[in-house]
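This report describes selected features of one protein model, from charges over rings to cavities and backbone geometry. The sequence and the structure are shown first.

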Amino acid sequence: MKIILTLVVLLVFQIGFSQQYDTVVIEEENVDDNNEIYKTGNVFIYDYEIIQNRARLKLKKNSGMFARREFEIVPIGTDSIGIDKIHLIVQPADSTHNFNENQTLISYLQEPVYASKSSTGAVENDKNIWIHPIRKGFFNSLETAPFPFVKRPLEIGSEWTDQMQIGQGWGNEMWGQWEGQLLQTYNYKIVGTEKLETRIGEINCFVIESIAKSSVGETKLKSFFSKKYGFVRLEYKLLNDLKVNMWLIDTKTGMEFNDMRTFFKTRQYIKQ
């Protein structure tokens with residue numbers, strides 16, 4: 001029992017240090033009511049690629065966090081890809097399952113086999129939009145980079161900073177390791193606008209360049225943000241010349257989601 005309790009405490013401790021963006025403005029109540037993009041019932045579907053040594057890769061398997069994470073990376077184009085797309089769903093508020101107080105509850109699912117949901121939080125209001133990225137398996141690596149984050153009003157030249165500490169459990173020899181807590185200092189800047197050609201049409205985006213500096217090096221995130229669709233494209237440059245790109249390929253609105261029991265039984269997250 002002591003071992004289980006210790007593991008729970010360590011897990012909460014590690015996750016807690018992934019939420020310390022002090023300049024993010026968070027509502028005290030009714031956190032979902034004023035969302036314009038990340039509304040309850042909305043779904044955002046992303047394609048992705050991992051780039052290592054100039055090779056374009058995807059995941060054959062991907063699960064767990066910290067020491068329990070397991071993943072295997074394979075070349076794009078092979079028939080062994082197990083994680084082809086990533087779905088971000090915005091769930092109804094549920095105080096019994098929302099582990100991120102005063103944040104909108106979001107979950108990530110991995111297509112085509114919806115075997116698990118990874119739940120976390122997002123913030124959207126008239127001051128800022130902030131999204132916690134997927135953190136399952138290989139995507140633990142994204143904890144070492146700036147999170148998708150934009151301050152309002154959206155103006156070219158706007159710049160802001162923040163900080164966060166992350167525990168050593170997020171590290172890996174593939175994307176960097178350290179001991180104890182790693183302090184990351186972030187700088188964000190809206191550098192311009194760009195029109196992206198996507199599967200859902202042309203989308204006008206603000207371009208935000210961000211950098212995270214720490215004792216183990218620098219990571220970067222270039223994000224493309226739309227007033228209608230949120231974060232349309234994310235381009236990560238991690239340690240050890242590792243890159244991750246994600247881009248929006250489809251959206252759904254006003255969906256009703258299956259409860260957890262039905263989800264695990266049917267492996268379908270949208271009610272039929």
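## Charges over aromatic rings

A charge is taken to sit over a ring if NZ of Lys or CZ of Arg is within 6 Å of the ring centre and within 35 degrees of the ring normal. By this rule K58 is placed over the face of Y48, at 5.0 Å from the ring centre. K117 likewise lies over the face of F263, at 5.6 Å from the ring centre.

The model is predicted, with local features requiring pLDDT of at least 70, side-chain atom pairs counted only at pLDDT 80 or more, and totals for chains, interfaces and linings using all residues. Residues are numbered from 1 along each chain as its sequence is written, and side-chain values use heavy atoms, with hydrogens and water left out.

## Strand pairing around β10

Helices (H or I, at least four residues) and strands (E, at least two) are DSSP runs, numbered from the N terminus; two strands pair if DSSP finds at least two bridges between them. Strand β10 (182-198) is joined to β9 by 8 bridges, and the two run antiparallel. Within this pairing, M164 stands opposite Q184 of β10.

β10 also pairs with β11, again in the antiparallel sense, over 13 bridges. K213 in β11 is the bridge partner of T185. The two strands β10 and β11 form a hairpin with 2 residues between them.

## Aromatic pairs and a cluster

Rings of Phe, Tyr and Trp (its six-membered ring) pair if their centres lie within 6.5 Å; planes under 30 degrees apart count as stacked, over 60 as edge-to-face and the rest as tilted. The whole structure contains 20 aromatic pairs. One of them is the stacked pair of Y21 and Y186, with 4.8 Å centre to centre and 15° between the planes. Because Y21 lies in the loop between α1 (2-16) and β1 while Y186 is in strand β10, the pair ties together parts that are 165 residues apart in sequence. Relative accessible area classifies residues as buried (under 20%), exposed (over 50%) or partly exposed in between, with a 1.4 Å probe and protein chains only. Y21 is buried at 5%, and Y186 is buried at 1%.

The rings of F149 and Y188 have centres 5.2 Å apart and planes at 85°, so this pair is edge-to-face. F149 in strand β8 and Y188 in strand β10 are 39 residues apart, and their pair links distant parts of the chain. F149 is buried, with a relative accessible area of 0%, and Y188 is buried as well, at 1%. Both pairs belong to one aromatic cluster formed by Y21, W130, F147, F149, W160, Y186 and Y188.

## Cavity and pocket

On a 1 Å grid over the protein atoms alone, a cavity is a set of points where a 1.4 Å probe fits but cannot get out, and a pocket is an open set with protein on both sides within 12 Å along at least five of seven lines; lining residues have an atom within 4 Å of a point. Grid points are joined across faces, edges and corners, and a volume is the space filled by probe spheres set on the points. The count comes to 1 cavity of 30 Å³ or more. The largest cavity has a volume of about 130 Å³. Its lining comprises 14 residues, with Y46, L88, Y108, L234 and M246 nearest the centre. β4 (83-90) and β13 are the elements that give two or more residues to this lining, and β13 provides the largest share, 3 residues.

Residue classes are nonpolar (Ala, Val, Leu, Ile, Met, Phe, Trp, Tyr, Cys and Pro), charged (Asp, Glu, Lys and Arg) and polar (the others, Gly among them). The lining of the largest cavity has 14 nonpolar, no polar and no charged residues. The second largest pocket, with a volume of about 230 Å³, is lined by 3 nonpolar, 3 polar and 7 charged residues. Of its 13 lining residues, K220, L221, K222, E235 and K237 lie nearest the centre.

## Backbone geometry

A cis peptide bond joins E111 and P112, with omega about 15°; P112 is in strand β5 (residues 104-112). Another cis peptide bond joins R152 and P153, with omega about 0°. P153 lies in the loop between β8 (149-151) and β9 (159-166).

R54, a residue other than glycine, has a positive phi near 70°. R54 is in the loop between β1 (43-52) and β2 (55-63) and is exposed, with a relative accessible area of 83%. D241 has a positive phi of about 60° although it is not a glycine. D241 lies in the loop between β13 and β14 and counts as exposed at 55% relative accessibility.
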